[in-house]
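The sequence and structure come first, followed by the description.

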Amino acid sequence: MKTLLALTFAAVTAAPGMLLAHHAWPVSNARLVTVKGTVTDFAWSNPHPMITVQVKTEDGQTETWMVGGPAINRMEANGWTRTTVKAGDVITGIGYQFSDGQKIVRLERVVLPDGKEMRVYGR
């Protein structure tokens, strides 16, 4: 019985920390960044659908950026489907970059090839 209580206590006290750690994207909220490029992959899976984008830099080089949103159900609530973007599409992702400089963006919205703007958080 003591072991069961100890395990239950450990699970209950650890769960909020794990949830907070998972949901806290390590981004800099100081400014929005804009990433425009060609989609090479759209991984429609939880916990975060991620779009891989090849971006041309001002000096002609190519960088790979990952732009992602919230869970699938939240994106679906904002009109997204697994076919909203596809390889070859040129999109513009607007969001917050990881604060450590990684080329990863937590999306706020995307501008699709036809000019339609898709939000991910419904704001």
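Accessible areas come from the Shrake-Rupley method with a 1.4 Å probe, and for residues only the protein chains shown count as cover. On this basis the protein exposes about 7,600 Å², of which carbon and sulfur atoms supply 57%. The model is predicted: local features need pLDDT of at least 70, side-chain atom pairs count only at pLDDT 80 or more, and totals for chains, interfaces and linings use all residues. Residues are numbered from 1 along each chain as its sequence is written, and side-chain values use heavy atoms, with hydrogens and water left out.

The protein has two helices and six strands (DSSP runs numbered from the N terminus: helices are H or I of at least four residues, strands E of at least two). Along the sequence they follow the pattern α-β-β-β-α-β-β-β.

Of the 123 residues, 36% are buried (under 20% relative accessible area, 1.4 Å probe, protein chains only). A nonpolar core is a set of buried Ala, Val, Leu, Ile, Met, Phe, Trp, Tyr and Cys residues joined through side-chain atoms within 4.5 Å. The largest such core has 22 residues, and Ile51, Trp80, Val85 and Ile91 have the most contacts inside it.

A second, separate core of six residues includes Trp25, Met50, Tyr96 and Ile104.

Definitions and conventions:
Buried means under 20% relative accessible area, exposed over 50%, partly exposed in between (1.4 Å probe, protein chains only).
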